[in-house]
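Grab a pencil and open the model in your viewer.

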Amino acid sequence: FWPVLMKTLTALMQSLFKGIVADYFKKKAKEGQKVNTARKVVDFFGLNVRPAELGHIALGALIYGAAVYYTAFGLAWKTSALARQEVLVAMFYLVRAGVRYGYERKYQIASEYRFWFSGGLLCVGSAVLGNPLSTVGFELNTAKTAEEKTRMINMSVLMLFIALGLATVFFLLNQVYPTVFFQTATLACTGVALSDILPVEPMTGKKVWDSNKWMWAGLVAIVVPAFMLFNFVL
């Protein structure tokens with residue numbers, strides 16, 4: 001138990017340090033940037049989908065998928081395994097985008113995902129260190145009032161639980177049908193959930209910490225044990 005605990009705590013400290021570094025550069029990247037409401041919008045079953053944003057999502061998913069693949073396989077090139085990993089991460093990113101589009105439709109609060117070049121480099125670097133960090137992009141929104149900001153925090157928490165829920169599904173599937181794909185899928189989803197609880201801007205953890213520290217503590221109490229169990233213990 002203790003080796004597992006120490007390994008997990010070490011990984012958490014590494015993630016926190018890298019998150020703080022990412023925080024600094026993300027703030028620089030976001031300075032003066034706002035949601036571009038003038039961009040072309042396509043109505044997709046009532047959701048406002050921005051084709052330009054989908055390009056940013058695809059690029060971010062490509063980098064993070066490759067980082068997760070490298071963590072699992074190193075430099076061993078397996079085209080089919082890499083392709084499966086990339087498709088998985090892309091679908092996961094699209095699910096998160098779907099949640100944002102749903103919030104925009106319901107509450108009229110636009111949000112936009114932006115690929116971040118420096119963050120992509122940081123993601124690759126963290127994968128080399130053994131713990132891929134999902135810093136490939138950041139999200140902007142048009143929330144202004146306290147109520148709107150609270151709704152966006154709730155949305156971020158929802159996306160965290162979606163990541164954790166998918167990780168649970170992949171973990172259970174791996175228990176029944178053990179495969180490297182299910183293992184890397186679990187790693188990818190738990191990695192996002194773990195990054196989301198880090199209390200550094202602009203991650204979910206920072207927003208929740210500022211809004212409700214008890215809620216943040218509750219999320220940590222759920223995500224950290226799940227991360228330990230899924231990736232190190234079981």
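This is a predicted model: local features need pLDDT of at least 70, side-chain atom pairs count only at pLDDT 80 or more; totals for chains, interfaces and linings use all residues.

Residues are numbered from 1 along each chain as its sequence is written, and side-chain values use heavy atoms, with hydrogens and water left out.

**Exercise 1.** Work out the span of α2 and what its buried residues pack against.

Solution. Start with length: α2 has 23 residues and reaches 33 Å from first C-alpha to last, close to the 33 Å expected at 1.5 Å a residue. Next, list its buried residues (under 20% relative accessible area, 1.4 Å probe, protein chains only): among them are Glu53, Ile57, Tyr64 and Phe73. The buried residues of α2 pack against α3, β3 (111-115), α4 and α6. Finally, look just past the helix: Gly74 takes a positive phi of about 70°.

**Exercise 2.** Find what Tyr64 touches.

Solution. Skip neighbours within four places in sequence, then look for contacts (heavy atoms within 4.5 Å). Tyr64 meets, among others, Val89, Tyr93, Cys123, Val136 and Leu187.

**Exercise 3.** Is Phe92 buried or exposed, and which residues does Phe92 contact?

Solution. Phe92 counts as buried because its relative accessibility is 6%. Then, beyond neighbours within four places in sequence, Phe92 contacts Ala163, Leu166 and Val192. Last, check the distance: Phe92 and Leu166 sit 74 residues apart in sequence and 8.8 Å apart in space, C-alpha to C-alpha.

Definitions and conventions:
Buried means under 20% relative accessible area, exposed over 50%, partly exposed in between (1.4 Å probe, protein chains only). Helices (H or I, at least four residues) and strands (E, at least two) are DSSP runs, numbered from the N terminus. The expected span of a helix is 1.5 Å times one less than its number of residues.
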